[in-house]
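Please look over the model below before reading my notes.

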Amino acid sequence: MSIIIAIDLGGTQLRVAAFSPQSSTPLRVIRTSTPTLRDEIFLEISKAIDTLKTEGELLGICAACPGPTDPARGIILSAPNIPGLENYPLGTLLQERYGVPASVQNDANMAAVGEWRYGAGRGHKDLLYLTISTGIGGGVICNNQLIIGAHGLAAEFGHITVLPDGPLCSCGQRGHLEAISSGTAIARYVTEQIAAGRPSSLAEETNITARDVAMAARQGDALAKEAYDRAARFLAQGMADFLHLFNPSIVILGGGVSQSRELFFEPMQQLLQKLVMSSAYLKELQIVPAELGDDAGLLGAFVHVSLQQTVLGDLANSHL
Ligand SMILES: [Zn+2]
(Lines give C-alpha, C1' and ligand atoms only; values in the text may rest on other atoms or scores of the structure.)
Protein backbone atom coordinates (compact mmCIF):
# COMPACT_ATOMS: atom_id res chain seq x y z
CA MET A 1 0.00 0.00 0.00
CA SER A 2 1.08 3.60 -0.67
CA ILE A 3 0.88 6.34 1.94
CA ILE A 4 0.92 10.14 2.03
CA ILE A 5 2.24 12.00 5.06
CA ALA A 6 0.46 15.23 6.07
CA ILE A 7 1.86 17.41 8.84
CA ASP A 8 0.09 20.15 10.77
CA LEU A 9 2.71 22.24 12.56
CA GLY A 10 0.70 24.28 15.04
CA GLY A 11 1.90 26.81 17.60
CA THR A 12 1.21 24.35 20.44
CA GLN A 13 0.44 21.00 18.80
CA LEU A 14 2.24 19.00 16.13
CA ARG A 15 0.29 16.37 14.19
CA VAL A 16 1.81 13.94 11.71
CA ALA A 17 -0.70 11.75 9.85
CA ALA A 18 -0.46 8.88 7.36
CA PHE A 19 -3.21 8.68 4.73
CA SER A 20 -3.98 6.18 2.02
CA PRO A 21 -4.26 8.19 -1.25
CA GLN A 22 -7.85 7.00 -1.62
CA SER A 23 -9.27 8.14 1.71
CA SER A 24 -9.55 11.34 3.75
CA THR A 25 -9.69 9.31 6.96
CA PRO A 26 -6.13 9.01 8.24
CA LEU A 27 -4.69 5.55 8.80
CA ARG A 28 -2.87 6.85 11.85
CA VAL A 29 -2.10 10.21 13.49
CA ILE A 30 0.78 10.96 15.87
CA ARG A 31 0.25 14.00 18.10
CA THR A 32 2.91 15.71 20.22
CA SER A 33 3.50 19.15 21.68
CA THR A 34 5.32 21.42 19.24
CA PRO A 35 8.98 21.50 20.34
CA THR A 36 10.31 24.91 21.25
CA LEU A 37 13.80 24.38 19.85
CA ARG A 38 14.46 24.72 16.11
CA ASP A 39 16.33 21.44 15.58
CA GLU A 40 13.90 19.43 17.69
CA ILE A 41 11.08 20.17 15.27
CA PHE A 42 12.71 18.17 12.47
CA LEU A 43 13.71 15.42 14.93
CA GLU A 44 10.15 15.11 16.24
CA ILE A 45 8.63 15.09 12.75
CA SER A 46 11.10 12.56 11.38
CA LYS A 47 10.60 10.30 14.42
CA ALA A 48 6.85 10.29 13.68
CA ILE A 49 7.37 9.67 9.95
CA ASP A 50 9.79 6.81 10.68
CA THR A 51 7.02 5.18 12.72
CA LEU A 52 4.26 5.89 10.17
CA LYS A 53 6.15 4.78 7.08
CA THR A 54 5.91 1.18 8.26
CA GLU A 55 2.27 1.47 7.08
CA GLY A 56 3.28 1.50 3.40
CA GLU A 57 5.39 2.97 0.59
CA LEU A 58 5.83 6.72 1.02
CA LEU A 59 4.57 8.82 -1.94
CA GLY A 60 5.06 12.35 -0.65
CA ILE A 61 4.98 14.72 2.31
CA CYS A 62 3.36 18.11 2.88
CA ALA A 63 3.57 20.26 6.00
CA ALA A 64 0.98 22.96 6.77
CA CYS A 65 2.92 25.62 8.67
CA PRO A 66 1.88 28.82 10.47
CA GLY A 67 3.16 32.03 8.91
CA PRO A 68 4.69 32.60 5.50
CA THR A 69 6.45 29.79 3.65
CA ASP A 70 8.33 29.62 0.35
CA PRO A 71 7.03 26.36 -1.13
CA ALA A 72 9.35 26.51 -4.15
CA ARG A 73 12.43 26.52 -1.91
CA GLY A 74 10.97 24.29 0.82
CA ILE A 75 11.49 26.97 3.47
CA ILE A 76 9.43 28.21 6.40
CA LEU A 77 10.15 31.96 6.29
CA SER A 78 8.90 32.60 9.82
CA ALA A 79 6.39 31.18 12.28
CA PRO A 80 4.94 33.83 14.59
CA ASN A 81 4.16 31.44 17.44
CA ILE A 82 7.23 29.21 17.13
CA PRO A 83 10.47 31.05 17.90
CA GLY A 84 13.58 30.18 15.93
CA LEU A 85 11.88 28.98 12.74
CA GLU A 86 13.08 31.87 10.56
CA ASN A 87 14.26 30.58 7.17
CA TYR A 88 13.95 26.98 8.29
CA PRO A 89 14.41 24.52 5.36
CA LEU A 90 11.92 21.91 6.60
CA GLY A 91 10.83 20.86 3.09
CA THR A 92 14.43 20.39 1.92
CA LEU A 93 15.37 18.43 5.04
CA LEU A 94 12.37 16.10 4.63
CA GLN A 95 13.06 15.62 0.93
CA GLU A 96 16.71 14.76 1.58
CA ARG A 97 15.90 12.32 4.34
CA TYR A 98 13.02 10.47 2.67
CA GLY A 99 13.77 10.86 -1.06
CA VAL A 100 10.19 11.82 -1.97
CA PRO A 101 8.61 15.20 -2.87
CA ALA A 102 8.15 17.19 0.34
CA SER A 103 6.62 20.66 0.50
CA VAL A 104 5.94 23.32 3.10
CA GLN A 105 2.76 25.36 2.68
CA ASN A 106 1.00 28.10 4.63
CA ASP A 107 -1.58 26.53 6.93
CA ALA A 108 -4.42 28.87 5.93
CA ASN A 109 -3.78 28.02 2.26
CA MET A 110 -3.94 24.34 3.13
CA ALA A 111 -7.13 24.89 5.15
CA ALA A 112 -8.65 26.52 2.05
CA VAL A 113 -7.73 23.42 0.03
CA GLY A 114 -9.11 21.12 2.74
CA GLU A 115 -12.44 22.99 2.85
CA TRP A 116 -12.57 23.07 -0.97
CA ARG A 117 -12.13 19.34 -1.30
CA TYR A 118 -13.83 17.92 1.79
CA GLY A 119 -15.57 20.74 3.67
CA ALA A 120 -17.93 23.66 3.15
CA GLY A 121 -16.49 24.49 -0.30
CA ARG A 122 -17.22 21.18 -2.03
CA GLY A 123 -18.31 21.75 -5.61
CA HIS A 124 -17.10 25.39 -5.78
CA LYS A 125 -14.42 26.47 -8.27
CA ASP A 126 -13.97 30.00 -6.88
CA LEU A 127 -13.56 30.11 -3.15
CA LEU A 128 -12.23 32.37 -0.41
CA TYR A 129 -11.32 31.00 2.98
CA LEU A 130 -10.69 33.27 5.97
CA THR A 131 -9.74 32.19 9.45
CA ILE A 132 -10.34 34.71 12.21
CA SER A 133 -8.92 33.78 15.60
CA THR A 134 -5.82 35.21 17.30
CA GLY A 135 -4.79 36.45 13.84
CA ILE A 136 -6.44 36.58 10.42
CA GLY A 137 -5.28 34.32 7.60
CA GLY A 138 -6.75 33.10 4.37
CA GLY A 139 -6.54 31.27 1.10
CA VAL A 140 -7.91 31.77 -2.40
CA ILE A 141 -8.92 29.17 -4.94
CA CYS A 142 -9.69 30.56 -8.42
CA ASN A 143 -10.98 28.20 -11.07
CA ASN A 144 -9.91 25.24 -8.91
CA GLN A 145 -6.37 26.59 -8.59
CA LEU A 146 -4.78 27.62 -5.33
CA ILE A 147 -3.31 31.11 -5.66
CA ILE A 148 0.02 31.29 -3.82
CA GLY A 149 1.92 33.95 -5.78
CA ALA A 150 5.53 34.00 -6.95
CA HIS A 151 6.99 33.17 -3.54
CA GLY A 152 4.04 31.60 -1.73
CA LEU A 153 3.08 34.89 -0.07
CA ALA A 154 -0.29 35.69 -1.65
CA ALA A 155 -3.72 35.90 0.05
CA GLU A 156 -2.63 37.59 3.27
CA PHE A 157 -6.14 38.83 3.98
CA GLY A 158 -5.27 39.91 7.51
CA HIS A 159 -2.63 42.34 6.28
CA ILE A 160 -4.57 44.72 4.09
CA THR A 161 -4.81 48.31 5.35
CA VAL A 162 -8.33 49.21 6.48
CA LEU A 163 -7.44 52.14 8.77
CA PRO A 164 -4.35 54.16 7.78
CA ASP A 165 -2.21 54.94 10.88
CA GLY A 166 -4.52 52.64 12.89
CA PRO A 167 -3.53 50.12 15.58
CA LEU A 168 -0.17 48.33 15.35
CA CYS A 169 -0.38 44.93 13.63
CA SER A 170 1.57 41.80 14.60
CA CYS A 171 3.54 42.26 11.34
CA GLY A 172 4.82 45.68 12.41
CA GLN A 173 2.63 47.76 10.06
CA ARG A 174 -0.35 49.85 11.16
CA GLY A 175 -4.09 49.67 10.52
CA HIS A 176 -4.21 46.17 9.08
CA LEU A 177 -7.44 44.17 9.27
CA GLU A 178 -5.81 41.74 11.72
CA ALA A 179 -5.05 44.65 14.08
CA ILE A 180 -8.77 45.49 14.31
CA SER A 181 -10.90 42.43 13.60
CA SER A 182 -8.93 39.48 15.05
CA GLY A 183 -9.73 38.02 18.46
CA THR A 184 -6.54 39.51 19.86
CA ALA A 185 -7.52 42.94 18.52
CA ILE A 186 -11.06 42.76 19.93
CA ALA A 187 -9.70 41.96 23.39
CA ARG A 188 -7.03 44.64 23.11
CA TYR A 189 -9.57 47.30 22.12
CA VAL A 190 -11.70 46.60 25.20
CA THR A 191 -8.62 46.55 27.47
CA GLU A 192 -7.44 49.91 26.09
CA GLN A 193 -10.85 51.54 26.39
CA ILE A 194 -11.18 50.39 30.02
CA ALA A 195 -7.70 51.78 30.74
CA ALA A 196 -8.87 55.08 29.23
CA GLY A 197 -11.73 55.20 31.74
CA ARG A 198 -14.66 53.67 29.86
CA PRO A 199 -17.09 51.70 32.04
CA SER A 200 -17.51 47.96 31.38
CA SER A 201 -18.51 44.81 33.23
CA LEU A 202 -15.00 43.56 32.32
CA ALA A 203 -13.26 46.44 34.14
CA GLU A 204 -12.02 44.22 36.99
CA GLU A 205 -10.82 41.42 34.69
CA THR A 206 -7.17 40.79 33.94
CA ASN A 207 -6.09 39.22 30.62
CA ILE A 208 -9.39 39.84 28.82
CA THR A 209 -9.95 37.49 25.84
CA ALA A 210 -12.24 37.77 22.80
CA ARG A 211 -14.37 35.05 24.38
CA ASP A 212 -14.80 37.17 27.54
CA VAL A 213 -15.80 40.12 25.35
CA ALA A 214 -18.36 37.98 23.49
CA MET A 215 -19.91 36.82 26.78
CA ALA A 216 -20.07 40.39 28.11
CA ALA A 217 -21.62 41.64 24.85
CA ARG A 218 -24.35 38.97 25.06
CA GLN A 219 -25.09 40.14 28.60
CA GLY A 220 -25.57 43.71 27.38
CA ASP A 221 -22.17 45.31 28.02
CA ALA A 222 -22.06 48.36 25.73
CA LEU A 223 -18.27 48.51 25.34
CA ALA A 224 -18.04 44.79 24.55
CA LYS A 225 -20.79 45.14 21.95
CA GLU A 226 -19.01 48.13 20.45
CA ALA A 227 -15.77 46.11 20.14
CA TYR A 228 -17.51 43.40 18.11
CA ASP A 229 -19.43 45.95 16.02
CA ARG A 230 -16.16 47.68 15.18
CA ALA A 231 -14.47 44.38 14.26
CA ALA A 232 -17.44 43.35 12.09
CA ARG A 233 -17.54 46.76 10.37
CA PHE A 234 -13.89 46.64 9.35
CA LEU A 235 -14.14 43.00 8.31
CA ALA A 236 -17.09 43.91 6.06
CA GLN A 237 -14.97 46.67 4.53
CA GLY A 238 -12.14 44.23 3.82
CA MET A 239 -14.55 41.58 2.61
CA ALA A 240 -16.10 43.96 0.05
CA ASP A 241 -12.59 44.48 -1.35
CA PHE A 242 -11.98 40.72 -1.49
CA LEU A 243 -15.25 40.22 -3.38
CA HIS A 244 -14.29 42.97 -5.82
CA LEU A 245 -10.91 41.32 -6.37
CA PHE A 246 -11.88 37.65 -6.64
CA ASN A 247 -15.67 37.42 -7.19
CA PRO A 248 -15.95 34.06 -5.37
CA SER A 249 -19.08 31.91 -5.27
CA ILE A 250 -18.43 31.05 -1.62
CA VAL A 251 -16.65 32.63 1.35
CA ILE A 252 -15.81 30.20 4.16
CA LEU A 253 -15.14 31.63 7.61
CA GLY A 254 -13.13 29.59 10.11
CA GLY A 255 -11.60 30.36 13.51
CA GLY A 256 -13.14 31.05 16.89
CA VAL A 257 -14.18 34.68 16.35
CA SER A 258 -16.32 33.98 13.28
CA GLN A 259 -18.36 31.46 15.32
CA SER A 260 -19.96 34.43 17.13
CA ARG A 261 -22.88 34.53 14.73
CA GLU A 262 -25.11 37.31 16.03
CA LEU A 263 -22.20 39.47 17.25
CA PHE A 264 -19.92 39.24 14.26
CA PHE A 265 -20.99 37.08 11.35
CA GLU A 266 -24.48 38.51 10.81
CA PRO A 267 -23.62 42.23 11.26
CA MET A 268 -20.73 41.76 8.82
CA GLN A 269 -23.05 40.21 6.23
CA GLN A 270 -25.59 43.03 6.58
CA LEU A 271 -22.97 45.74 6.20
CA LEU A 272 -21.53 44.04 3.16
CA GLN A 273 -24.69 44.79 1.19
CA LYS A 274 -23.97 48.53 1.52
CA LEU A 275 -20.27 48.24 0.71
CA VAL A 276 -20.13 46.33 -2.57
CA MET A 277 -20.04 48.35 -5.75
CA SER A 278 -22.77 46.19 -7.28
CA SER A 279 -25.25 43.76 -5.81
CA ALA A 280 -24.09 41.35 -8.51
CA TYR A 281 -21.17 40.41 -6.23
CA LEU A 282 -23.64 39.07 -3.68
CA LYS A 283 -25.81 37.23 -6.19
CA GLU A 284 -25.78 33.56 -5.25
CA LEU A 285 -22.78 34.23 -2.98
CA GLN A 286 -22.66 31.94 0.01
CA ILE A 287 -20.93 33.07 3.21
CA VAL A 288 -20.74 30.05 5.46
CA PRO A 289 -18.89 28.72 8.52
CA ALA A 290 -16.00 26.31 7.94
CA GLU A 291 -16.83 22.63 8.40
CA LEU A 292 -13.53 20.93 9.11
CA GLY A 293 -12.38 22.81 12.22
CA ASP A 294 -8.82 22.00 13.27
CA ASP A 295 -8.52 19.28 10.64
CA ALA A 296 -8.75 21.62 7.63
CA GLY A 297 -5.00 22.27 7.34
CA LEU A 298 -4.03 18.63 7.81
CA LEU A 299 -6.57 17.49 5.20
CA GLY A 300 -5.44 20.25 2.84
CA ALA A 301 -1.84 19.06 3.14
CA PHE A 302 -3.01 15.53 2.29
CA VAL A 303 -4.97 16.82 -0.72
CA HIS A 304 -1.99 18.88 -1.83
CA VAL A 305 0.23 15.79 -2.06
CA SER A 306 -2.47 13.64 -3.58
CA LEU A 307 -2.92 16.14 -6.39
CA GLN A 308 0.88 16.51 -6.69
CA GLN A 309 0.68 20.09 -7.90
CA THR A 310 -0.93 23.42 -7.04
CA VAL A 311 -3.05 23.31 -10.22
CA LEU A 312 -5.88 21.39 -8.61
CA GLY A 313 -7.54 20.88 -11.95
CA ASP A 314 -10.00 18.29 -13.08
CA LEU A 315 -9.86 16.33 -9.85
CA ALA A 316 -12.21 18.99 -8.45
CA ASN A 317 -15.04 16.98 -9.89
CA SER A 318 -14.02 13.77 -8.20
CA HIS A 319 -15.13 14.54 -4.68
CA LEU A 320 -15.18 11.52 -2.45
ZN1 LIG B 1 -0.21 43.22 9.42
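This is a predicted model: local features need pLDDT of at least 70, side-chain atom pairs count only at pLDDT 80 or more; totals for chains, interfaces and linings use all residues.

The points below run from the whole chain to single residues.

1. The chain carries nine helices and 12 strands. Its radius of gyration is 20 Å, close to the 20 Å that the globule rule gives for 320 residues, so the chain is as compact as a globular protein of that length.

2. Dimensions and surface. Along the principal axes, the C-alpha atoms fill a box of roughly 60 × 45 × 30 Å. The accessible surface is about 14,300 Å². Carbon and sulfur atoms account for 49% of that surface.

3. Burial and contact range. Of the 320 residues in the chain, 52% are buried. Take the contacts between residues at least 6 apart in sequence: 62% of these join residues at least 24 apart.

4. Charge. There are 22 positive and 31 negative side chains. The centres of the two sets lie 2 Å apart.

5. Helix H8. This helix covers residues 261–275, 15 residues in total. From first C-alpha to last it reaches 20 Å, close to the 21 Å expected at 1.5 Å a residue. Buried residues in H8 are Leu263, Phe264, Phe265, Pro267, Met268 and Leu272.

6. What does H8 pack against through its buried residues? The helical partners are H4 (178–181), H6 (210–218) and H7 (222–246). The strand partners are E8 (127–132), E11 (250–254) and E12 (286–289).

7. His304. This residue sits in helix H9, residues 296–307. Is His304 buried or exposed? His304 counts as buried because its relative accessibility is 9%, under the 20% cut-off.

8. Asn87. Phi here is near 50°, a positive value in a residue other than glycine. Asn87 belongs to the loop between strand E6 (75–76) and helix H2 (90–98). Its relative accessibility is 49%, so Asn87 counts as partly exposed; exposed would require over 50%.

9. Asn144. Phi is about 65°, again positive, and Asn144 is not a glycine. The residue is found in the loop between strand E9 (136–142) and strand E10 (145–146). Asn144 is buried, with a relative accessible area of 9%.

10. Where to look on a second pass.

Technical notes
Residues are numbered from 1 along each chain as its sequence is written. Side-chain values use heavy atoms; hydrogens and water are left out. Helices (H or I, at least four residues) and strands (E, at least two) are DSSP runs, numbered from the N terminus. The radius of gyration is taken over C-alpha atoms; the globule rule is 2.2 Å times the number of residues to the power 0.38. Buried means under 20% relative accessible area, exposed over 50%, partly exposed in between (1.4 Å probe, protein chains only). Contact means heavy atoms within 4.5 Å. Accessible areas come from the Shrake-Rupley method with a 1.4 Å probe; for residues, only the protein chains shown count as cover. Lys and Arg count as positive and Asp and Glu as negative; His and the chain ends are not counted. The place of a charge is taken as NZ of Lys, CZ of Arg, CG of Asp or CD of Glu. The expected span of a helix is 1.5 Å times one less than its number of residues.
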